[in-house]
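I opened this entry to keep track of what I looked up, in the order I looked it up. The structure comes first, then the notes.

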Amino acid sequence: MPGSPAHLVRRFFDVARARPLTDVEREHVREWLSPQLADLFFDQPHHDQRHGHTAARSVIDSGFDDLGVVTAALMHDIGKRHARLGLFGRSVASVMIITRIRLPERIAVYRDHGIVGARELGDAGAPSLAIDFALHHHGQRPPTIASDVWDALVAADQPSKTSGRTGGRITSAVI
């Protein structure tokens, strides 16, 4: 699950500097998701909401305005909230996962957030693309996801090169 050291450092600063979604951004999420999925989304810490919203903006800006793709971008990390780890807990978890230390339950949940999230998304009636991307987003592309969609979603999941930025508008017909 953890990426390169540079990826982890960028992600650390993305989480540390993340601002809560604005009212307008929260409304975007409500327009994109069913009420049940929106409830799950807003149950996440604000930094995971920010990451999901940024990922959704990225796929839209890449030309993918299909709600299944947007939902996959928004919801791919939904399982992380069950670990209940803050910024430093996630950092420690990443080191433990990389070093293959025996993991306490909460850190195992963090490591397995894709499996946890995919199961939860399935129970909530999410599109199959969102379930498949949540399950596989730290691995190889499954045959159920087209390569161009996969590439856009994986790119959207990357930490920003300029951590902490929250600007930008979505200018897609999806809104």
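I began with contacts in the protein chain, where contact means heavy atoms within 4.5 Å. Among those between residues at least 6 apart in sequence, 67% join residues at least 24 apart. The model is predicted, so local features need pLDDT of at least 70 and side-chain atom pairs count only at pLDDT 80 or more, while totals for chains, interfaces and linings use all residues. Residues are numbered from 1 along each chain as its sequence is written, and side-chain values use heavy atoms, with hydrogens and water left out.

**Overall make-up**

I looked up the secondary structure next and found 10 helices and 0 strands. Helices (H or I, at least four residues) and strands (E, at least two) are DSSP runs, numbered from the N terminus. Along the sequence the pattern reads α-α-α-α-α-α-α-α-α-α. The protein chain has 175 residues, and 48% of them are buried. Buried means under 20% relative accessible area, exposed over 50%, and partly exposed in between, with a 1.4 Å probe and protein chains only.

**Nonpolar cores**

I then turned to the cores. A nonpolar core is a set of buried Ala, Val, Leu, Ile, Met, Phe, Trp, Tyr and Cys residues joined through side-chain atoms within 4.5 Å. In soluble globular proteins, nonpolar side chains tend to be buried together. The largest core here has 35 residues, and those touching the most other members are Leu33, Leu37, Phe41, Val59, Leu74, Met75 and Leu153. Two or more residues of this core come from each of α2 (23-32), α3 (35-42), α4 (46-61), α5 (67-75), α8 (113-123), α9 and α10. Which element gives the most to this core? I found that α5 does, with 6 residues.

I checked leucine 33 by itself. Leaving out residues up to four places away in sequence, leucine 33 touches Ala38, Phe41, Thr71, Leu74 and Met75. There is also a second, separate core of 9 residues, with Leu85, Leu103, Ile107 and Tyr110 among them.

**Helix α5**

How many of the 9 residues of α5 are buried? The number is 8, and α5 is thus mostly covered. The buried ones are Gly68, Val69, Val70, Thr71, Ala72, Ala73, Leu74 and Met75. They pack against α2, α3, α4, α8, α9 and α10.

I followed the pairing of α5 with α9. Their axes are 8 Å apart and the packing angle is about 30 degrees. Axes are lines fitted to C-alpha atoms, for helices over the stretch in contact, and angles run from 0 to 180 degrees between N-to-C directions. The crossing of α5 and α9 is right-handed. A crossing is left-handed if the near helix is turned anticlockwise from the far one by less than a right angle, and right-handed if clockwise. Gly68, Val69, Thr71 and Ala72 of α5 meet Leu129, Ala130 and Phe133 of α9. This contact divides into 5 nonpolar, 2 polar and no charged residues. Ala, Val, Leu, Ile, Met, Phe, Trp, Tyr, Cys and Pro count as nonpolar, Asp, Glu, Lys and Arg as charged, and the others, Gly among them, as polar.

**Helices α9 and α10**

I looked at α9 (residues 128-136) against α10 (residues 147-157), which pack at about 60 degrees with their axes 12 Å apart. That angle makes α9 oblique to α10. Angles under 35 degrees count as roughly parallel, over 145 as roughly antiparallel, 65 to 115 as roughly perpendicular and the rest as oblique. The crossing of α9 and α10 is right-handed. On the α9 side I noted Leu129, Phe133 and His136, and on the α10 side Val149, Trp150, Leu153 and Val154. By class, this contact has 6 nonpolar, 1 polar and no charged residues.

**Helix α8**

In α8 the buried residues are His113, Gly114, Val116, Gly117, Ala118, Glu120 and Leu121. They pack against α3, α5, α7 and α9. Glycine 125 follows α8 and has a positive phi, near 80 degrees.

**Two arginines**

Most residues other than glycine have a negative phi, and most peptide bonds are trans. I looked up two residues with positive values. Arginine 84 has a phi near 55 degrees and is in the loop between α5 and α6 (87-98). Arginine 84 is exposed, with a relative accessible area of 56%. Arginine 100 has a phi near 60 degrees and lies in the loop between α6 and α7. Arginine 100 counts as exposed because its relative accessibility is 74%.
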